[in-house]
Amino acid sequence: FGIGILHPKTSPNIGTLWRSAHQLGASILYTIGGRYKVSATDTLNVPARIPLVELDDWNSFAEWAAPKGAVWVVVEMGGTPLEE
């Protein structure tokens, strides 16, 4: 399974999600509208274990990176709901 984050606030948030993805057994991580900067706090060297795909916007994800035929699960933690 893959994990994605839409418009992450900071690069450390991406790093935390990346480490969590590794611990949960994810095979890929997506950022949509955000970029990751290498951090010295990455003691697990997660970038060598799980690929990160950085996309500019939601349409790029939906058209290019979204797995065909996969079931999408969206977890929203406040903010504005995503359009269907």
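Which pattern does the protein follow, read along the sequence? I read off β-α-β-β-α, which comprises two helices and three strands. A reminder to myself: this is a predicted model.

**Entry 1, overall numbers.** I looked up burial, and 27% of the 84 residues count as buried. The protein exposes about 6,100 Å², with carbon and sulfur atoms supplying 56% of that area. I also checked contacts with a separation of 6 or more: residues 24 or more positions apart account for 47% of them.

I found Thr31 in strand E2, residues 28-32. Is Thr31 buried or exposed? Its relative accessible area is 0%, so I noted Thr31 as buried. Leaving aside residues up to four places away in sequence, Thr31 touches Ile5, Ile14, Leu52, Val53, Glu54 and Leu55.

My next search was for ring pairs, and the count came to two aromatic pairs. Tyr30 and Phe61 form an edge-to-face pair, 5.1 Å centre to centre with 80 degrees between the planes. Tyr30 lies in strand E2 and Phe61 in helix H2 (residues 58-65), so this pair ties together parts that are 31 residues apart in sequence. Tyr30 counts as buried at 9% relative accessibility, and Phe61 counts as buried at 10%.

Trp58 and Phe61 form a tilted pair, with 5.2 Å between centres and 40 degrees between planes. Both lie in helix H2, three residues apart, about one turn of the helix. I noted Trp58 as partly exposed, because its relative accessibility is 30%.

**Last note.** Ring pairs link Tyr30, Trp58 and Phe61 into a cluster.

Notes: Residues numbered from 1 in each chain as written. Predicted model: local features only at pLDDT ≥ 70, side-chain atom pairs only at ≥ 80, totals over all residues. Heavy atoms only, no water. Helix = DSSP H or I, 4+ residues; strand = E, 2+ residues; numbered from the N terminus. Buried < 20%, exposed > 50% of the residue type's maximum accessible area, 1.4 Å probe, protein only. Contact = heavy atoms within 4.5 Å. Areas by Shrake-Rupley, 256 points an atom, 1.4 Å probe, with all protein chains shown as cover. Phe/Tyr/Trp six-rings, centres within 6.5 Å; stacked < 30°, edge-to-face > 60°.
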